[in-house]
Amino acid sequence: MIGKENDKRFHFRLPEEDYNIIKTLATKYGMSTSRYIRLLIDMVVTDYKVKEREQKGGTGNANEQAIFNDKL
């Protein structure tokens, strides 16, 4: 989780029907709505980082280390 001094916040609008779907899914998995949305965002970011690492090629290089340190 990001520390308070590094928190970035943003607001967005959803149709009420979409919000209710997200709220239902969050409840189903025992999470708050905001935690569920953060989980979805974390999944997208992680997927992006993994694909970047695969495109850069290989393991143990500086790019891979930068990905894990969130510096890319």
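Let's start with Thr-33, which is buried at a relative accessible area of 14% (buried means under 20%, exposed over 50%, partly exposed in between, with a 1.4 Å probe and protein chains only). Before going on, a word on the model: it is predicted, so local features need pLDDT of at least 70 and side-chain atom pairs count only at pLDDT 80 or more, while totals for chains, interfaces and linings use all residues. Residues are numbered from 1 along each chain as its sequence is written, and side-chain values use heavy atoms, leaving out hydrogens and water.

Back to our threonine. Thr-33 is found in helix α2 (helices are DSSP runs of H or I, at least four residues, strands are runs of E, at least two, and both are numbered from the N terminus). Leaving aside residues up to four places away in sequence, Thr-33 touches Tyr-19, Ile-22, Lys-23 and Ala-26; contact here means heavy atoms within 4.5 Å.

Now the overall picture. The chain has three helices and zero strands, and its elements run α-α-α from the N terminus on. Of the 72 residues in the chain, 12% are buried.

How do the helix lengths check out? The expected span is 1.5 Å times one less than the number of residues. Helix α1, residues 16-28, has 13 residues and should span 18 Å, and its end C-alpha atoms are 18 Å apart, which agrees. Just after α1, Gly-30 takes a positive phi of about 70°.

Which residues of α2 are buried? They are Thr-33, Tyr-36, Ile-37 and Glu-52. Tyr-36, at 11% relative accessibility, brings us to the rings. The structure holds one aromatic pair. Tyr-29 and Tyr-36 form this pair, stacked, at 6.3 Å centre to centre and 10° between the planes. For the cut-offs, rings of Phe, Tyr and Trp (its six-membered ring) pair if their centres lie within 6.5 Å; planes under 30 degrees apart are stacked, over 60 edge-to-face, and the rest tilted.

On to charges. There is one salt bridge in the structure, meaning a side-chain nitrogen of Lys or Arg within 4 Å of a carboxyl oxygen of Asp or Glu. Asp-47 and Lys-51 form it, with their closest N and O atoms 3.3 Å apart. Why do these two sit about one helical turn apart? Because Asp-47 and Lys-51 are four residues apart in helix α2, residues 33-56. Asp-47 is partly exposed at 39% relative accessibility, and Lys-51 is partly exposed at 46%.

Last, the surface. Phe-10, Phe-12, Leu-14, Tyr-19, Ile-41 and Val-45 form a nonpolar patch with about 530 Å² of accessible area together. Patches take residues with over 30% relative accessible area and no salt bridge, joining like charges within 9 Å and nonpolar side chains (Val, Leu, Ile, Met, Phe, Trp, Tyr) within 5 Å. One member, Ile-41, lies in helix α2 and is partly exposed, at 34%. Thanks, everyone!

Notes: Accessible areas come from the Shrake-Rupley method with a 1.4 Å probe; for residues, only the protein chains shown count as cover.
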